[in-house]
Protein chains: 2
Amino acid sequence: MPKCIQNSLSDQVYTMLKDQILSGQLKGGMKIPEESLAEQFGVSRTPIREAIRRLAEYGLVTIKPRSHAVVSIISPQEADDIAKVRVSLEQLAIDSIDEESYAEHVKELSRYAADCQYAMGIGDRATVFEQDSLFHLALVKASRNSALISICERLDAKIQQLRIAQNLPEDELSYYLGQHAQMMSMLKNGEKEACKHMLYEHITHDLTSHLDKDNA
Amino acid sequence: MPKCIQNSLSDQVYTMLKDQILSGQLKGGMKIPEESLAEQFGVSRTPIREAIRRLAEYGLVTIKPRSHAVVSIISPQEADDIAKVRVSLEQLAIDSIDEESYAEHVKELSRYAADCQYAMGIGDRATVFEQDSLFHLALVKASRNSALISICERLDAKIQQLRIAQNLPEDELSYYLGQHAQMMSMLKNGEKEACKHMLYEHITHDLTSHLDKDNA
DNA sequence: GCATTGTGTACTGTATACAATATTGATACC
DNA sequence: GGTATCAATATTGTATACAGTACACAATGC
């Protein structure tokens, strides 16, 4: 059972549903009727509705008005689109980081990168993806741009869903993780432009293509 | 009374509340208790709650758990942050536009720009802001990047709220509107980089500073 | 066989009721 | 006079009930 920091039932249900979607337990296209979820969680339909609606704002579920909600399906086109946006946003983050604090941030990033590598070593993909998300979010947070951070956190949910659906081959994922170290070293040396270009390769390679027809 | 395309009460209330906030009728910091809104709109609290929660996802209202919701206040720092993100996203849009369709898109853009100028002429600021939003959204839509479009539409709500709060002096607003024509001409001539740079000036100048202490 | 209509079911959308918590104002105390 | 305490009130959070709509599937006609 996942951790639930907040105490309203709405929040708890939201967190649990999100986890179920991002872990692949609830797959793209699956119906999620309010009543059966209410039974499953042992609460009334009200907090379920609020959770579903919040998930819909994040694009994780799609609500068909007066009918039912389903877990969203990500098209290959959408994956490409998200990759392009992510490159822009994270490049902005790199540009925004105060040069004096490069070392400090690299230190934090390296922790996440190490956790990624470790999880990769023991074949724990879920943790790889989780720590990779934290790596990228840490990069974004280093910008101290609140609007940027909030957009990237929102986008991250969609990216995690995409990750689960695409099922990247092991060798590619491994190659991809190696780029973390390269980017960090560039950042530490103040090679901002090189780092931004590597980020472009990194994200484009990771998120584009490799997507099943219907996220099943 | 604003137009309400969708038919659920939730959607109608959402649209009306959003309009009231973006028109400045509901100012930053004002409490919005569910029950009084329910009376005002003649519906139960349920659709009101859903509308408020949606507005919270867009950052237009802030929910204090178990207490009340208030119309969000935008800090000058937040305005700067939003401006930076907007520049990145719209520059990506420009980069994504298919070069063969420049002329076609410029044609659409010029309509919005003209409406802006006309509204400015008769001193109708609300319409100026509305049409300016449509101008920028049209630019974004020309990219055909669905993720980009959805993020920019979301951000637009916040930008409109910012516009109302900042109360830009007339001469600056006028100067700002003039840049639309310049950008369009650059785009038509395929001067992408120049256009992107002008966009940077345009947005930075428009959204930064000029903000009252507490959006009152 | 295929399209079309009708009926029943499942599910959502909204209203209402109640429980739980934050806020406000008054009162007592230092 | 200022601060702390407590009760009354206002407001949210959740459960439940009911109305209305969409969908699936059977029945009918061609």
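**Entry 1: the A–B interface**

I started with one pair: Glu50(A) forms a salt bridge with Arg53(B), with 3.4 Å between the closest N and O atoms. The model is a predicted one, and I read every value below as computed from it. The 3.4 Å pair counts because the rule asks for a Lys or Arg side-chain nitrogen within 4 Å of an Asp or Glu carboxyl oxygen.

I then asked which elements of chain A make up the side that touches chain B. Helix H3 (45-57), helix H4 (76-96) and helix H7 (146-166) of chain A each give two or more residues to that side. H4(A) gives the most, with 8 residues. I sorted the residues on this side of chain A by class and got 9 nonpolar, 5 polar and 11 charged.

Next I looked up the totals. I find 25 residues of chain A in contact with 25 residues of chain B. About 2000 Å² is buried between the two chains, and carbon and sulfur atoms give 54% of that area. Between chain A and chain B I count 8 salt bridges. For polar contacts across this interface, I get 10 residue pairs with both residues at pLDDT 80 or more.

**Entry 2: salt bridges overall**

Over all chains the count comes to 26 salt bridges. I checked one of them within chain A: the side chains of Arg86(A) and Glu90(A) meet at 2.9 Å, N to O. How far apart in helix H4 of chain A are these two residues? I find Arg86(A) and Glu90(A) 4 residues apart, about one turn of the helix.

I put the volume of the second largest pocket at about 420 Å³. Its lining has 17 residues, and those nearest the centre are Val87(A), Ser88(A), Gln91(A), Leu92(B) and Asp95(B).

Which helices supply at least two residues each to this lining? I list H4 and helix H9 (192-207) of chain A, along with helix H4 (76-96) of chain B. H4(A) has the largest share, 8 residues. By class, I noted 5 nonpolar, 6 polar and 6 charged residues in the lining of this pocket.

Key:
Residues numbered from 1 in each chain as written. Chains lettered and ligands numbered in written order. Predicted model: local features only at pLDDT ≥ 70, side-chain atom pairs only at ≥ 80, totals over all residues. Heavy atoms only, no water. Contact = heavy atoms within 4.5 Å. Buried area = accessible area lost by both parts, 1.4 Å probe. Polar contact = N/O pair within 3.5 Å; in protein donor to acceptor, adjacent residues only side chain to side chain. Nonpolar A, V, L, I, M, F, W, Y, C, P; charged D, E, K, R; others polar. 1 Å grid on protein atoms, 1.4 Å probe; cavity = no way out; pocket = protein on both sides within 12 Å on 5 of 7 lines; lining within 4 Å. Points joined across faces, edges and corners; volume = space filled by probe spheres on them.
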